[in-house]
Amino acid sequence: MTLVVSLIMLVVITLFVLSAIRLSTANLRTVGNMQARSEAAAASQRAIEDLMSSTAAFTAPASVASSVTVNVNKTDYTVAVATPTCVKTEPVTGNSYDNTGLALQDTYWDLQTTATNDKSGASVTTHQGVKVRLNASATCP
């Protein structure tokens with residue numbers, strides 16, 4: 001009788017151990033997916049910051065590279081960069097002198113990037129609005 005009870009207890013303990021292993025594996029996958037998504041978001045944001053570092057993206061939006069590679073934590077992410085979209089323009093107010101033709105204007109842009117990693121399958125799309133002050137000759141395409 002003792003042998004039968006101990007075998008049943010051994011089977012029950014084995015089932016508990018197997019379920020604990022499965023649960024920890026599932027948690028590891030969840031954390032790995034969250035990390036890959038966070039890295040993709042960081043890569044997407046970095047591509048936007050690189051885009052905003054120069055006025056060339058706003059004076060000649062068609063010249064923006066359509067894809068860049070960003071390395072985050074030794075992992076390469078392919079970032080698709082959409083052509084910047086001008087939403088609206090407004091004249092700058094508060095100038096004390098009317099310098100027609102030289103006046104500045106505020107332009108409002110929508111920037112979009114999509115970072116993907118083929119190895120992890122992570123993909124994040126980021127939209128960011130930005131206001132850029134340009135001269136009057138700049139057009140809002």
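**Exercise 1.** Which residue in S4 does Val 79 stand opposite?

*Solution.* The model is a predicted one, in which local features need pLDDT of at least 70, side-chain atom pairs count only at pLDDT 80 or more, and totals for chains, interfaces and linings use all residues. Residues are numbered from 1 along each chain as its sequence is written, and side-chain values use heavy atoms, with hydrogens and water left out.

Step 1. Strands are DSSP runs (E, at least two residues) and helices likewise (H or I, at least four), numbered from the N terminus. Two strands pair if DSSP finds at least two bridges between them.
Step 2. S2 and S4 run antiparallel and are joined by four bridges.
Step 3. In this pairing, Ala 115 in S4 is the residue opposite Val 79.
Step 4. S2 (residues 75-81) is also joined to S1 (residues 67-72), by six bridges, again antiparallel; here Val 79 has Val 68 opposite.

**Exercise 2.** Determine whether Ser 44 counts as buried or exposed.

*Solution.* 
Step 1. Ser 44 belongs to helix H1 (residues 2-52).
Step 2. Buried means under 20% relative accessible area, exposed over 50%, and partly exposed in between (1.4 Å probe, protein chains only).
Step 3. Ser 44 counts as buried because its relative accessibility is 0%.
Step 4. Beyond residues up to four places away in sequence, Ser 44 touches Val 79 and Ala 115, among others; contact means heavy atoms within 4.5 Å.
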